[in-house]
Amino acid sequence: MIAILGGGISGISAGYHFNLGEVESVVYEKNRTWGGLCDNFTIGNGFLFDIFVHLSFAKDESVKNLFSRSTDILEHDPISTNFYKGYWLKHPAQNNLANLPFLEKIKIISDFIKRPNVSVSELNNYQEWLICQFGKYFATNFPEVYTRKYWTIDAEKMTTDWFGNRFSLPGLSKVLKGALYEQAENFYYVSKMRYPSTGGYKNFLTYMADNTNIQTEKQAILIDLNAKRIDFSDNTFAHYDKLVSSLPLPELVKIIKDAPIEIVEASEKLLCTSGQLVSLGFNNPDIAKYLWFYIYDEDILPARAYSSSLKSPNNVPLGKSSLQFETYFSSLKPKKLAGGLLIEHIVNRGIKMGIFSMQDIEISDYREVKYANVVFDHERLTNVKKIHQYLDKNEVNYVGRFGEWDYLWSDQSLLSGKKVATRILNQEK
């Protein structure tokens, strides 16, 4: 029997692909519901929210087919926006400066022209990369601020091995054009985004979950690698032939019996962000104007927000709308506010931003998510390699964002589970 720890998208994918190969597997999920970061929740009379913003732009045909077998799909143009010092700018901001005051644009363009001409191989950190791409003024006021809000760390303390094609890198002519005129062209790195018609983002996983043995409320508390045994918090246990884990590496190492001290110490050095979700339901259908948006002002605590009702009208009761705000904290950046105080802060700032009025709010909700994103600090690769080598030696397979400890989107996490399942199935032949 193959034991899979964690019922998020990568764990479910592994279980589903084992099932296709007619090999017995069980997914053990500690929560009452499966889904992990792809799960959702409902507040009030039918306001559904995902855990963080989720929209699919998967290119892999096998992923797209699995998603389409689960649910009817809505398509969205990937049009987002940015809030900066009272101004709304189409995303990405570097291509869309038109709405800024004249002097602000001059500062950005002037520093863009003077940006250092340095080979990427000579750069030491993410801050240097940002300055070389956009100039110091834009880098300082836009992505460096966002880095502190979203990643909870200064850009100079981050590496450059995580963002791939996530940035638009315009030349001077495009920057100038975007500063003079509002651009109709969309500079986002995908052309379409997809979302389930009903059931939230989690519904994309339904077909796989229906064909996978998932046991919920099964929290692993001890793994004996020699005995190939997992103990659970409900005083049950299970033996396995092979083990696959999508648990965050620090949580996995913590429950391995007699894990070497150097592996425990390496896992404790891994950095990640935690998320605070403030979800608002409105009694007005027209509150949400943007599918999602980024907030660059540091005195406004959330880094970004999305509209669940714009993702699908079925996520709210008829005649209503909704927004969810994401604020991040970590061991490097403690949370400033929590619970009702953070809700109050966001409501006050949202009113000042002109998004809604107090009378529009029907319901609010606050909750926290311990593991949100992997932080790409300069020690990450060394510590992850050390842990992965230990797990490989002990035949513990790892999948997903927090198993691989990498910046994986949901489709990449699905493929991560599939890859490990395929490898193990091939070994069994």
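**Figure 1. The cavity of the predicted model.** One cavity of 30 Å³ or more is counted; a cavity is a set of points, on a 1 Å grid over the protein atoms alone, where a 1.4 Å probe fits but cannot get out. The largest cavity has a volume of about 40 Å³, volume being the space filled by probe spheres set on the points, which are joined across faces, edges and corners. This model is predicted: local features need pLDDT of at least 70, side-chain atom pairs count only at pLDDT 80 or more, and totals for chains, interfaces and linings use all residues. Residues are numbered from 1 along each chain as its sequence is written, and side-chain values use heavy atoms, with hydrogens and water left out.

**Figure 2. The cavity lining.** Residues with an atom within 4 Å of a point count as lining; for the largest cavity they are Q94, L97, I108, F112, F134, F138 and V175. Six are nonpolar, one is polar and none is charged. Here Ala, Val, Leu, Ile, Met, Phe, Trp, Tyr, Cys and Pro count as nonpolar, Asp, Glu, Lys and Arg as charged, and the others, Gly among them, as polar.

**Figure 3. An open sheet of seven strands.** The strand order is β7-β6-β15-β16-β17-β14-β18, with mixed pairing. Strands (E, at least two residues) are DSSP runs, numbered from the N terminus, and two of them pair if DSSP finds at least two bridges between them. β7 (87–90) and β18 (361–374) each have a single partner strand, so one side of each lacks a neighbour in the sheet.

**Figure 4. Strands β15 and β16.** β15 (residues 292–295) and β16 (residues 304–306) run antiparallel and are joined by three bridges. Y294 has R304 of β16 as its bridge partner.

Notes
1 Å grid on protein atoms, 1.4 Å probe; cavity = no way out; pocket = protein on both sides within 12 Å on 5 of 7 lines; lining within 4 Å. Helix = DSSP H or I, 4+ residues; strand = E, 2+ residues; numbered from the N terminus.
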